Amino acid sequence: NLYLHQDGGYASGGFLADTKVAGTVSGGSQQQWLTRNSEMSNFEGVVWNNVLVGCGSNVKGVEKGWPYAANTVVEKTPEEVEKPFLTVNDGKYSVFVPKVKNNTVGVSWSGDKVDGEFIDLDKFYVAKPGDSVAKINSQLNAGKNLILTPGIYSLDAPIEIKNEDTIVLGLGYATLKPTNGNECMKVADVGGVSIAGVLFDAGQVNSSTLLTVGTAGNKTSHKDNPITLCDTFYRVGGADETPGKATTCVIINSSDVIGDNFWVWRADHGKGVAWTKNTADHGVIINGDNVTTYGLMVEHFQKYQTMWNGNGGKCYMYQSELPYDIEKTIKPIVKRVIHTTADFDYLDNLCFSENVVEIIKTAIKNGADIVTDTQMARSGINKKRLASYGGEVHCFMSDEDVAKAAKENGTTRAVA
């Protein structure tokens with residue numbers, strides 16, 4: 001049997017793939033779970049959302065009929081991709097790269113033959129922490145694949161994947177961390193690239209993205225040779241006292257990309273975590289067409305968690321949580337704005353400078369005036385309380401000179 005919990009204790013969700021279980025899989029207290037291309041005698045128990053893809057249509061113990069039951073069953077996996085792995089072949093180390101297959105049920109390794117190819121280890125550059133980006137990129141440009149041995153790679157520039165069919169295999173949660181506000185990795189719009197087993201960790205200086213796949217606006221089809229991202233993880237903060245920052249964790253511009261087990265996380269707990277410290281707008285932006293994801297988990301970002309702009313995409317289990325850690329001084333302001341406007345988009349659209357609430361409080365206590373561009377906002381401010389600090393509220397929208405300036409400049413009165 002396989003227990004996905006410890007004695008029924010708290011369990012938040014996860015992913016299982018290409019696995020045979022002779023007995024029962026016990027989901028227990030898992031809130032959400034994705035099982036792909038696996039075989040079991042029985043599956044029992046989850047809380048909210050249990051998705052099975054490529055496990056057949058009649059898994060014992062799985063009551064179908066979502067949303068009335070907690071289970072969603074997709075009989076076949078439309079595009080199955082298993083990640084490359086290090087192995088021994090004919091007494092020599094090599095990397096086995098499984099073949100992408102369509103409309104599959106069950107594990108990929110039944111029988112004597114597994115579809116794929118062995119690539120000799122001498123076709124790889126085996127990197128170690130401390131290697132320079134220039135050295136890694138020179139090996140990639142020379143046609144090598146890349147193995148990242150365990151450890152943290154401090155990068156002052158992105159690793160660049162430019163050649164078709166390049167394999168990047170991380171071992172032991174190899175971690176890429178930018179040091180200069182740069183990206184960790186950039187992938188050109190070339191087919192057959194496989195990135196597996198890599199953790200992308202935001203650095204202290206804000207990066208625009210941690211991983212970019214393809215170039216914006218490029219609609220080249222990779223249908224016959226898709227790009228695959230397996231077991232890739234993205235983290236903004238939480239690991240140490242140095243807060244990480246990234247505008248977006250991963251941007252997928254290429255078409256025909258298959259993502260298998262994405263966990264994209266802005267830390268809402270851990271070390272060095274606060275609303276204005278480990279900042280990140282978005283988790284994932286998908287611009288490419290025909291992108292498929294199995295297990296897309298995106299949590300706690302400060303604007304939109306996921307922006308899916310491409311056409312023809314498929315997502316098998318999406319798990320997301322809004323941020324919990326809005327600062328206590330900011331949260332009442334956000335709630336008041338949403339209450340006043342009935343517009344929940346303000347949760348994503350409002351931006352706050354660091355320590356802005358304390359700065360405003362200090363200014364008001366020192367007698368600062370408040371200027372607003374609407375009479376409605378002016379009416380809502382407690383003028384008596386503001387006057388007790390020596391301040392006044394002003395709205396100049398009805399002044400004749402403001403209306404005249406707006407007309408002369410062809411602008412609104414607010415701009416004038």
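A residue is termed buried under 20% relative accessible area, exposed over 50%, and partly exposed in between (1.4 Å probe, protein chains only). The structure is a predicted model, in which local features need pLDDT of at least 70 and side-chain atom pairs count only at pLDDT 80 or more, whereas totals for chains, interfaces and linings use all residues. Residues are numbered from 1 along each chain as its sequence is written, and side-chain values use heavy atoms, with hydrogens and water left out.

The structure contains 11 salt bridges, each defined as a side-chain nitrogen of Lys or Arg within 4 Å of a carboxyl oxygen of Asp or Glu. One of them joins the side chains of Lys20 and Glu39 (3.9 Å, N to O). This pair links distant parts of the chain, with Lys20 in strand 3 (residues 20–26) and Glu39 in strand 5 (residues 39–44); strands (E, at least two residues) and helices (H or I, at least four) are DSSP runs, numbered from the N terminus. Lys20 is partly exposed, at 43% relative accessible area, and Glu39 is partly exposed at 29%.

A salt bridge also connects Lys361 with Glu358, with the closest N and O atoms 3.6 Å apart. Both residues lie in helix 4 (residues 356–365), where a spacing of 3 residues separates them by about one helical turn. Glu358 is partly exposed, with 40% relative accessibility.
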